[in-house]
Amino acid sequence: MFRRRIDDDLSLSLCLPDMAIPLFALIDSQRAYLRQWLPWVDDTLSSDDTLAFLRQQLQLLAEREAMSLTIIYQGQLAGCLGLQQVDWRLQSAKIGYWLAEPYQGKGIMQRCLSHLLALAFDEWQLAKLEIRVASSNLRSRRLPEALGFRHEGRLRRAERLQHDYVDHELYGLLHEEWLTSKR
């Protein structure tokens with residue numbers, strides 16, 4: 001099983017089917033908060049929905065098209081992050097992430113994303129990573145900016161959330177930029 005310790009309080013673990021019930025419970029407890037930013041929340045109505053997602057993610061991992069990880073903070077499931085839509089022709093992937101509201105403001109996601117960048121660039125040998133964030137999600141936008149991603153533009157009407165369209169800010173980080181920022 002894939003499990004990476006980041007520090008004494010924080011680790012990343014592969015999203016596995018036996019996590020369906022606790023992961024759904026976390027999503028369900030955070031539904032009002034998460035649905036502001038994530039379109040899939042309203043379609044996640046039971047632990048069976050979460051189980052189907054986790055099984056799909058394992059299949060995508062086997063095909064090296066995605067990698068979904070859970071965030072464990074002080075022994076508690078706190079959120080998820082991962083690589084999505086891996087394109088091996090371009091050696092690129094998109095990064096997605098979410099963190100339950102009680103765990104925010106502790107630097108958890110920035111530490112997890114830093115670890116994911118190393119995994120994506122060093123182990124998966126990707127050349128570019130992208131993060132797309134709703135323009136109005138200022139807190140989430142600070143993460144790629146803090147990690148050295150460059151703002152590449154705004155995608156208008158990029159997603160529909162709760163009956164409204166939202167724009168996305170597009171951030172990109174190239175492998176060579178990441179190497180330079182590590183020095």
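**Sheet, aromatic pairs and selected residues in a predicted model**

Ala-146 lies in helix H5 (residues 138–146); helices (H or I, at least four residues) and strands (E, at least two) are DSSP runs, numbered from the N terminus. The model is predicted: local features need pLDDT of at least 70 and side-chain atom pairs count only at pLDDT 80 or more, while totals for chains, interfaces and linings use all residues. Residues are numbered from 1 along each chain as its sequence is written, and side-chain values use heavy atoms, with hydrogens and water left out. Ala-146 is partly exposed, with a relative accessible area of 46%; buried means under 20% relative accessible area, exposed over 50%, and partly exposed in between (1.4 Å probe, protein chains only). Between the C-alpha atoms of Ala-146 and Lys-106 the distance in space is 14 Å, and the two residues are 40 apart in sequence.

An open sheet is formed by 8 strands in the order S1-S2-S3-S4-S5-S6-S8-S7, with mixed pairing; two strands pair if DSSP finds at least two bridges between them. Strand S1 (3–5) and strand S7 (150–161) stand at the edges with a single partner strand each, so one side of each is left without a neighbour in the sheet. From one strand to the next the twist averages 25 degrees, where axes are lines fitted to C-alpha atoms, for helices over the stretch in contact, and angles run from 0 to 180 degrees between N-to-C directions.

Strand S3 (residues 67–73) pairs with strand S4 (residues 76–87) in the antiparallel sense over 7 bridges. Within this pairing, Leu-83 in S4 is the bridge partner of Met-67. The pairing of S7 with strand S8 (residues 164–174) is also antiparallel, over 8 bridges. The hairpin of S7 and S8 has 2 residues between the strands, and Gln-162 takes a positive phi near 50 degrees there. Glu-159 stands opposite Val-166 in S8.

His-168 is placed in strand S8 and is buried, with a relative accessible area of 9%. The side chains of His-168 and Glu-159 are joined by a polar contact of 2.9 Å (a pair of N or O atoms within 3.5 Å; within protein, one must be able to donate a hydrogen and the other to accept it, and residues adjacent in sequence count only if both atoms are side-chain atoms). Beyond its neighbours within four places in sequence, His-168 is in contact with residues including Arg-132, Val-133, Gly-153 and Leu-155, contact being heavy atoms within 4.5 Å.

The structure holds 4 aromatic pairs; rings of Phe, Tyr and Trp (its six-membered ring) pair if their centres lie within 6.5 Å, and planes under 30 degrees apart count as stacked, over 60 as edge-to-face and the rest as tilted. Trp-88 and Trp-124 form a stacked pair, at 5.9 Å centre to centre and 25 degrees between the planes. Trp-88 lies in the loop between S4 and strand S5 (92–99) and Trp-124 in the loop between helix H4 (108–123) and strand S6 (128–134), so the pair ties together parts that are 36 residues apart in sequence. Trp-88 is partly exposed, with a relative accessible area of 32%, whereas Trp-124 is buried, at 8%.

The ring centres of Phe-121 and Trp-178 are 5.1 Å apart and the planes are at 35 degrees, so this pair is tilted. Phe-121 in helix H4 and Trp-178 in helix H6 (residues 175–182) are 57 residues apart, and the pair links distant parts of the chain. Both Phe-121 and Trp-178 are buried.
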